[in-house]
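Biologist: I should like to learn how to read the features of a helical chain. May we work through one case together?

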Amino acid sequence: MTEGPRAKPRPDETGRRGRFMTEPHPLDIPEKRWRVVRLLLLISPVMFAGCYLLALAQGAEPRFCLLIAAVGAAMCLSTALVIHIMGSKSWMALVAVKLALLLVKR
């Protein structure tokens, strides 16, 4: 068989043509997905406090510090939810949120 653009793919070990077995994405493995979600849930209160303190250190009013901290913690919790629900396909939702935030920013 000659190698060229019309050459047929050779079957792999499973007998399927042109398909190669690859390892699943880490977020498709339930144990690893749960570890990531659990870590995000544990980090969210720390993120709230950190955002509040950083905003306060920069001289923001306390009500705006609270707003910034709440938005940061909400984004951390929503990331955990999206990863829990969608697994490895969660990047699409997170990119959509990033684009929406960029549009709101302008």
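Predicted model: local features only at pLDDT ≥ 70, side-chain atom pairs only at ≥ 80, totals over all residues.

Biologist: What does the secondary structure of the chain come to?

Modeller: Helices (H or I, at least four residues) and strands (E, at least two) are DSSP runs, numbered from the N terminus. Here there are three helices and zero strands, in the pattern α-α-α along the sequence.

Biologist: How many Å should helix H1 span?

Modeller: The expected span is 1.5 Å times one less than the number of residues. H1 has 28 residues (30-57) and should therefore span 40 Å, which agrees with the 40 Å between its end C-alpha atoms.

Biologist: Where does H1 bend?

Modeller: A bend is the angle between axes fitted to the seven residues ending at a residue and the seven starting there. H1 bends by about 35° at Ser44, and Pro45 follows within four residues.

Biologist: Which residues of H1 are buried?

Modeller: Buried means under 20% relative accessible area (1.4 Å probe, protein chains only). In H1, Arg33, Val37, Leu40, Ser44 and Ala55 are buried. An α-helix has 3.6 residues a turn, so residues three or four places apart point the same way.

Biologist: Against which helix do the buried residues of H1 pack?

Modeller: They pack against H2 (62-86), where contact means heavy atoms within 4.5 Å.

Technical notes
Residues numbered from 1 in each chain as written. Heavy atoms only, no water. Buried < 20%, exposed > 50% of the residue type's maximum accessible area, 1.4 Å probe, protein only.
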